[in-house]
Amino acid sequence: VALIPMLYRTGYRWRLRFDIRDSGLGKAGSLAVWTLALVVVNQLAFVVVTRLATSANVQALAAGTTAAGLTTYQKAYLIFILPHSIITVSLVTALLPSLSRIAHAGDMLGVGRSVAHAVRTVGAIIIPVAGIFMVLAPEMTRLMFGFGAATTDSAIETGRVVQVFAFGILPFTLVYLLFRGWYSVEDTRSPFWITVLVNIVNLGISIPLFMVVPVRQKVAALGVAYVISYWVALFVAWPRLRRELTDLQTFISVRTLVRATVATAVAVGVGEVLKLASAPWFAHAGRLLLLVLTVIVASVIGALYVMLAHRMHIDEVRWAVDTLGQRLGRSA
């Protein structure tokens, strides 16, 4: 609906079309079959995870511990997916058309380099976000869910699950980017089989792990299985796509991601110290003070990361900061 006014501004008008022969719909349909199959596989696995998470809630209530089940898992997952949705999806939306044009021209080397650049750019931004989640997720979920009908304990439990998910933000995002590399060359079959692998590993770990961990850790166990499944998928998908696209600039990409991880680790360490020093305030803070404290610690982590990234010559962070500054300047 939001795009309709924009379409009219470009001069586009709706009318019925019957000349669909040779329009490419047949090819699009054959490609879509694998994508629809991917969705089905994900949904089947989600049914199993939903059953497990619901069972966790029933067991927690029976044991008299903090309620943690499907709602906890879903809230934690939504927070986990938010930076990916804002950062990665936005970048890929802009990148995919150019990737497709390069692929159509037969320049597989160019496609690989474009995907690698996207990997480094997104990774350099998403890794410190994961670090912030690792430090502040319980405070963030307490701020969002710990007031009103919800209890503080259940909100903190959600934050702990977010902390588990945080270890999977990077592989989840990179696998998503690698899938777009395949899509640009009209390969929807490879993402399907990688998705099958993700769900086999996820269920293969989550079901037995769920059975053996204590009641309070069952939902977190589902997060652990999810994180491991995407790390496995990343290590399978990367070399496979690299062979197809000739070059993913593996050394440069890994070096950038390692540098970003080191810078994040230092920033997170400082943030954790600051949080511990402010622990009495955090423990008894109302909503406004909790918001202020959370923003301060997150800002310190983010600012320190940017400084370290500059010193460590992580060019993708420089580019992101410069681009943001230019856009803010134009808006002002």
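This note goes through the overall fold of the chain and then two residues within it.

1. The model is predicted, so local features need pLDDT of at least 70 and side-chain atom pairs count only at pLDDT 80 or more, while totals for chains, interfaces and linings use all residues. Residues are numbered from 1 along each chain as its sequence is written, and side-chain values use heavy atoms, with hydrogens and water left out.

2. The chain has 12 helices and 0 strands, where helices (H or I, at least four residues) and strands (E, at least two) are DSSP runs numbered from the N terminus. Along its principal axes the C-alpha trace spans about 65 × 45 × 45 Å.

3. Of the 332 residues, 43% count as buried, a term that means under 20% relative accessible area with a 1.4 Å probe and protein chains only. Among contacts (heavy atoms within 4.5 Å) with a separation of 6 or more, 78% are between residues 24 or more positions apart.

4. Leu178 lies in helix α6, which covers residues 169-184, and Leu178 is buried, with a relative accessible area of 0%. Leaving aside residues up to four places away in sequence, Leu178 touches Val115, Leu234, Ala237, Trp238, Leu241 and Leu248. By comparison, the C-alpha atoms of Leu178 and Trp281, 103 residues apart along the chain, are separated by 43 Å.

5. Thr195 belongs to helix α7, residues 189-212, and is likewise buried, at a relative accessible area of 6%. With residues up to four places away in sequence not counted, Thr195 touches Leu38, Val41, Asn42 and Phe179.

Notes:
Buried < 20%, exposed > 50% of the residue type's maximum accessible area, 1.4 Å probe, protein only.
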